[in-house]
Amino acid sequence: MNQLTRYANKDSTQTLRQGLAEYYALNPHITPPDTQPPEFAKILLAHDVGHVIYGCDTGMYDELKILPLFWWTSECTFERFREMRKRNKQVIDIMYDDMIKEKGVLWLYGAIFKVLPPLIPELISIWFKTRNREKRVPFLEFEPLLDRSLLDIRQEFDLLAFIK
């Protein structure tokens, strides 16, 4: 991750809105949510908000880490994720196929297998730390958080332990 990335700083006082703007500026390759069908656009935007709240970049390690973080700390449970994916299967399949065409299937699986060994112990640790959580980060209804500082959000939802 770029050392100049402010939103990824554990103690960032940027607002979520500012962090999201920085995230998009640093990642022009990201699919803009407003170019997608409305329901899928909301999911994409929520995913991008998650990158900012959890201080994750767009590398394979953080992409594989963010999904369990969502399931274990936010209102996006595995069941809810599965249901959202089912309703948006066609759009998701197109995006996945485009990525495979651009990078290749060997790249995808190679990148996944490369990061799994160091990621698995971190995921186990996260799982133990997130069991029996009562307060969950909003997933699709994150708008009330946009003008709050990232530090405040991370403290309220007890997320600082998951950000390096």
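**View 1. Helix H3 is mostly covered, with ten of its 14 residues buried.** The model shown here is predicted. The buried residues of H3 include Met-60, Tyr-61, Phe-70 and Trp-71. Asp-62 and Lys-65 are buried in H3 too. Among the parts that cover these buried residues are H2, helix H4 (78-87) and H6. From its first C-alpha to its last, H3 reaches 20 Å. That is close to the 20 Å expected at 1.5 Å a residue.

**View 2. The largest nonpolar core holds 39 residues.** Leu-16, Val-52, Ile-53, Tyr-54, Phe-139 and Leu-159 touch the most other members. Several helices each supply at least two residues of this core, including helix H1 (16-26) and helix H7 (150-156). H6 gives the largest share, seven residues.

**View 3. Leu-159 touches residues from elsewhere in the sequence, not counting those up to four places away.** Its contacts include Ile-53, Tyr-54 and Thr-73. Leu-159 also touches Arg-133, Val-137 and Arg-154.

**View 4. A salt bridge joins Lys-86 and Glu-83 within helix H4.** Their closest N and O atoms are 3.8 Å apart. The two residues sit three residues apart, about one turn of the helix. Lys-86 is exposed, at 56% relative accessible area. Glu-83 is partly exposed, at 36%.

**View 5. Lys-135 and Glu-156 meet in a salt bridge, at 2.8 Å from N to O.** Lys-135 lies in the loop between H6 and H7, and Glu-156 lies in helix H7, so the pair ties together parts 21 residues apart in sequence. Arg-148 also bridges to Glu-156, with the closest N and O atoms 2.3 Å apart. Salt bridges with shared partners join Lys-135, Arg-148, Asp-152 and Glu-156 into one network.

Notes. Residues numbered from 1 in each chain as written. Predicted model: local features only at pLDDT ≥ 70, side-chain atom pairs only at ≥ 80, totals over all residues. Heavy atoms only, no water. Core = buried A, V, L, I, M, F, W, Y, C linked by side-chain atoms within 4.5 Å. Buried < 20%, exposed > 50% of the residue type's maximum accessible area, 1.4 Å probe, protein only. Helix = DSSP H or I, 4+ residues; strand = E, 2+ residues; numbered from the N terminus. Contact = heavy atoms within 4.5 Å. Expected span 1.5 Å × (residues − 1). Salt bridge = Lys/Arg side-chain N within 4 Å of Asp/Glu carboxyl O.
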